[in-house]
Amino acid sequence: MAEVIIVPDRADAGALVADEIVSLIRRTPDAVLGLATGSTPLPVYEALRPRLQGVDVSRVRGFALDEYVGIDLDHPESYASVIRREVIEPLGLTPELVRTPPADDPDLATAGERYDDAIREAGGVDIQILGIGTDGHIGFNEPGSSFASRTRVKTLTRQTREDNARFFDSIDEVPRHCLTQGLGTILEARHLVLLAFGEGKAAAVAGAVEGPVTSMLPGSAIQLHPRVTVVVDEAAGSRLALADYYRDAFANKPDWQGI
Ligand code: F6R
């Protein structure tokens, strides 16, 4: 089962996950990071900044989960721009080693396959950071997505477009399509770390961690993975039936285990 860690706030979650990433990079200077965008991973990226001072990150590689289709990659809210602004520049990563799905590829039908090939050629993702949508999506694998899916074009649900309208001037500007890693692609990462904050994520988190494994809640695919860490604040963890057990397990965890 996933290890669930309930923390007081986002900053604690960011610190916990950042510590794990730093120890990975120290062990493996050419580590492959799976990068999420949106609001959720920001505390991780913020916590990484001071922790990576003095650490050689020149060989660290990265693959983003998804990208909008239909907006210019120079648009400030394209995930290529977000990754450059929130990850590559502040952390000092080598831009050529960090990729986002190429949503500007003239051959979009096969672009996903090439992205998956690139991940494979890099040796696979060591640690995949994930957020979760209020409709249960991970990456942009909306409800109904196949657990075997690979990187491909998907249509965003109305709910996801409403949720993401806050990044744009209006919902009409939120793209309808995206190029997203598939659930099958995501499940190949060696360690999944799913974060969620706020009451609005509580139902999706409970469904993903404790509900039936179903494509209707794509986040439940994490139950098929042997190494998953779920880090939530009290509000996002408020619907977890086994919350007391998770707290007890984490409080009594040997230090050497990490997350
Ligand atoms: C973003 C991604 C999405 C988000 C999810 C939650 O790369 O893959 O699954 O993680 O939509 O978004 P936020 O974090 O903005 O609530």
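Three elements, β2 (32-35), α2 (42-51) and α3 (79-91), each supply at least two residues of the lining of the largest cavity. The model is a predicted one, and its residues are numbered from 1 along each chain. The lining of the largest cavity consists of Ile21, Leu33, Leu35, Tyr45, Leu48, Val87, Leu91 and Ile129. Leu33 and Leu35 belong to the lining and fall within the range of β2 (32-35). Tyr45 and Leu48 are also lining residues, placed within α2 (42-51), while Val87 and Leu91 line the cavity from α3 (79-91). By class, this lining has 8 nonpolar residues, with no polar and no charged ones.

How many cavities of 30 Å³ or more does the structure hold? There is 1. The volume of the largest cavity is about 30 Å³.

The largest pocket has a volume of about 390 Å³. Its lining is made of 24 residues, and those nearest its centre are Gly38, Thr40, Ile132, His137 and Lys201. Sorted by class, the pocket lining has 9 nonpolar, 10 polar and 5 charged residues.

Where does the ligand sit? The ligand is surrounded by 14 residues, of which Thr37, Thr40, His137, Gly139 and Lys201 are the closest. This shell has 3 nonpolar, 8 polar and 3 charged residues. Thr40, His137 and Lys201 are listed among the residues closest to the ligand and also among those nearest the pocket centre.

Taken alone, the ligand exposes 410 Å², and the protein buries 95% of that.

Definitions and conventions: Predicted model: local features only at pLDDT ≥ 70, side-chain atom pairs only at ≥ 80, totals over all residues. Heavy atoms only, no water. Near = heavy atom within 4 Å. Areas by Shrake-Rupley, 256 points an atom, 1.4 Å probe, with all protein chains shown as cover. Nonpolar A, V, L, I, M, F, W, Y, C, P; charged D, E, K, R; others polar. 1 Å grid on protein atoms, 1.4 Å probe; cavity = no way out; pocket = protein on both sides within 12 Å on 5 of 7 lines; lining within 4 Å. Points joined across faces, edges and corners; volume = space filled by probe spheres on them. Helix = DSSP H or I, 4+ residues; strand = E, 2+ residues; numbered from the N terminus.
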